[in-house]
Amino acid sequence: MTTSRRSLLKSIPAIAAATALPAWFVEETLAQQAAPAAGAPVRIGLIGCGGQGTGDAVNAQRHGQIVAVCDVDAGHLANAKKRFAGAEGFSDFRKLLEKKELDAVICGTVDHWHTLVSMAAMKAGKDVYCEKPLTLTIDEGKRLVQVQKETKCVLQTGTQQRSSMHFRLAADLIRNGRIGKVDKVEVWLPAGLRGGPFKTSEVPKEFDFDFWMGQTPKVDYVKERTHFSFRYWWDYSGGTMTDWGAHHNDIVGWCLDLDRTGPASIEGKQLVDMIPGGYTAASEYEVLYTYPNGIKHYCKSTTASEWHGGVKDPKGQQHGLKFTGSEGWIWVTRGVIKAGNNPDKMDDLNPDLLKKPLPDDAKRVVVSNDHMGNFVDCVRTRKDPICNAETGHRSASIAHLGVTAIRLGRKLSWDPVKEDYINDPEASKYVAREMRKPYDYSMV
Ligand SMILES: NC(=O)c1ccc[n+]([C@@H]2O[C@H](COP(=O)([O-])OP(=O)(O)OC[C@H]3O[C@@H](n4cnc5c(N)ncnc54)[C@H](O)[C@@H]3O)[C@@H](O)[C@H]2O)c1
């Protein structure tokens, strides 16, 4: 046995204990871990320097250099310039994209700018790490996938749960029949904020609010519509259905091998009224997706989890996913995976369902243990990243379909091949949105 193999084997018990993952899976993961692709540091531009964009850029510095930053809020831009010393600052992303030496961009803007920014970047020959949800509408996703195919740029969607060992173990076990034939998935998402009414005020002088609103309807400035809390307004996002749903419902597609398709029908309803003059996106809701193969996928909000995923009520239902099959169930959420045989008894665990290794010839999903690292590797190797444009688009579509069902409050029939509702002109209007000029496709 080589020294490196011996030291690898030695580290398994400690990693298994720290992650609460079965030892066989940790061993497999360590053995599969490929060395990162070699190459010069990647030169990256950050577009959208708020909370997540900044975090992504700090993370990306492990593999490259942030050479340019862009934001429509001069205050955020100034902070980013301080944080990423030497980076050139821009207020219009199209100007940043003219920089020849840039290899890639991170798009950390609000959701309603993801598609136009990513399209413009790929047309300028830059690879893209775009935050989730990849799009604002299903139509945007179809167009974005097309541009990715034409330009062959690498596009990684920021659904980093695909690079988590707990979710990957769930995917490998479920795809290989560990809990038999799956017929039901239940997904719980943290409930959204229900606040208001909010007041209009003067636009802060450092903020280009018109550019920020972009394609969305022109409105008077309300602080709560903008930084961070934009996600609780239908105009800019879809509440936690698109925010957290882009993560957990993405895992449904992965575990059930439904990445390139979608449901046949969707039913939804809003469970509480929103406050007039306040946030508009439903804070509490429930949706049922039914797939062509009969699988039922329930997606419900839970008030026992904080909006950021923390525990609010330890006795209540936490956010995460439960897969139920003919031979058992698997519960998975961030940092936790559990399994049992009786789906009605969640505390009656059967650890053997996780502990028993998969046979050597079982088909595994693609391995990534570092989402940003996987992106940079693909920038260097030109391989497809773990959450490419098509997958990011289909996962965002699940969220958009749920939002439409919640807003219409009735059952909708969906054609996942045509990507349109069936004989339902009222629902079909939600596939695309009218884009306020000049912030439409003509600008990129
Ligand atoms: N992957 C994750 O776990 C995760 C976590 C949090 C947020 N997100 C996603 O990241 C995105 C940003 O979320 P946030 O919480 O950081 O929001 P935020 O409001 O803090 O940041 C968004 C930034 O983008 C800027 N911006 C908006 N339009 C722009 C444009 N056209 N050009 C340049 N800059 C523009 C804003 O001024 C702001 O600074 C959202 O899409 C969100 O869903 C992902």
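These legends describe close-up views of a predicted model. Local features are given for pLDDT of at least 70 and side-chain atom pairs for pLDDT 80 or more, while totals for chains, interfaces and linings use all residues. Residues are numbered from 1 along each chain as its sequence is written.

**View 1. Domains 1 and 3 of the protein chain.** The domain assignment gives domain 1 (3-32), domain 2 (42-161) and domain 3 (164-367 + 389-443). These bounds come from an automatic or database domain assignment. The C-alpha centres of domain 1 and domain 3 are 32 Å apart. Seven residues of domain 1 are in contact with seven residues of domain 3 (contact: C-beta atoms, placed from the backbone, within 7 Å). Helix α2 (residues 23-32) gives the most to the side of domain 1 that touches domain 3, with four residues. Helices (H or I, at least four residues) and strands (E, at least two) are DSSP runs, numbered from the N terminus. On that side of domain 1, four residues are nonpolar, three are polar and none is charged. Ala, Val, Leu, Ile, Met, Phe, Trp, Tyr, Cys and Pro count as nonpolar, Asp, Glu, Lys and Arg as charged, and the others, Gly among them, as polar.

View 2. Six strands form an open sheet in the order β3-β2-β1-β4-β5-β6, with parallel pairing. Two strands pair if DSSP finds at least two bridges between them. The edge strands, β3 (88-90) and β6 (155-157), each pair on one side only. From one strand to the next, the twist averages 25 degrees. Axes are lines fitted to C-alpha atoms, for helices over the stretch in contact, and angles run from 0 to 180 degrees between N-to-C directions. Six bridges link β1 (residues 42-47) and β2 (residues 64-70) in the parallel sense. L46 has V69 in β2 as its bridge partner. Helix α3 (residues 51-60) packs on the sheet and touches β1, β2, β4 (104-107) and β5 (127-130). The direction of α3 makes about 145 degrees with that of β4. Helix α4 (residues 74-83) also packs on the sheet, touching β1, β2 and β3. The direction of α4 makes about 160 degrees with that of β2.

View 3. A residue is buried if 20 or more other C-beta atoms lie within 10 Å of its own, exposed if 12 or fewer, and partly exposed in between, with C-beta atoms placed from the backbone. Strand β8 (residues 265-270) runs antiparallel to β14, joined by two bridges. S265 stands opposite S413. Two bridges also join β14 to β15 (residues 420-421), again antiparallel. Here D415 is the bridge partner of D420. β14 and β15 form a hairpin with four residues between them. In its turn, E419 has a positive phi of about 55 degrees.

**View 4. The shell around the ligand.** The ligand is surrounded by 29 residues; G48, G50, G51, Q52 and E131 are the closest. A residue is near a molecule if its C-beta atom, placed from the backbone, lies within 6 Å of it. Helices α3, α6 (111-123) and α9 (209-213) each supply at least two residues of the shell. α3 gives the most, with three residues. By class, the shell has eleven nonpolar, twelve polar and six charged residues. Domain 2 and domain 3 both give residues to the shell, so the ligand lies between them.

**View 5. Two cis peptide bonds.** Most residues other than glycine have a negative phi, and most peptide bonds are trans. A cis peptide bond joins G196 and P197, with omega about -5 degrees. P197 sits in the loop between β7 (182-190) and α9. The bond from K437 to P438 is cis too, with omega near 5 degrees. P438 lies in the segment after α15 (425-428).

View 6. A20 is not a glycine, yet has a positive phi of about 55 degrees. A20 lies in the loop between α1 and α2. A20 counts as exposed because 12 C-beta neighbours lie inside 10 Å. R382, also not a glycine, has a positive phi of about 65 degrees. R382 is in the loop between α13 (371-381) and α14 (389-408). With 11 other C-beta atoms within 10 Å, R382 is exposed. P13 is found in helix α1 (residues 3-19). P13 is exposed, with 11 other C-beta atoms within 10 Å. P13 and E27 are 14 residues apart in sequence and 9.2 Å apart in space, C-alpha to C-alpha.

Definitions and conventions: Contact = placed C-beta atoms within 7 Å.
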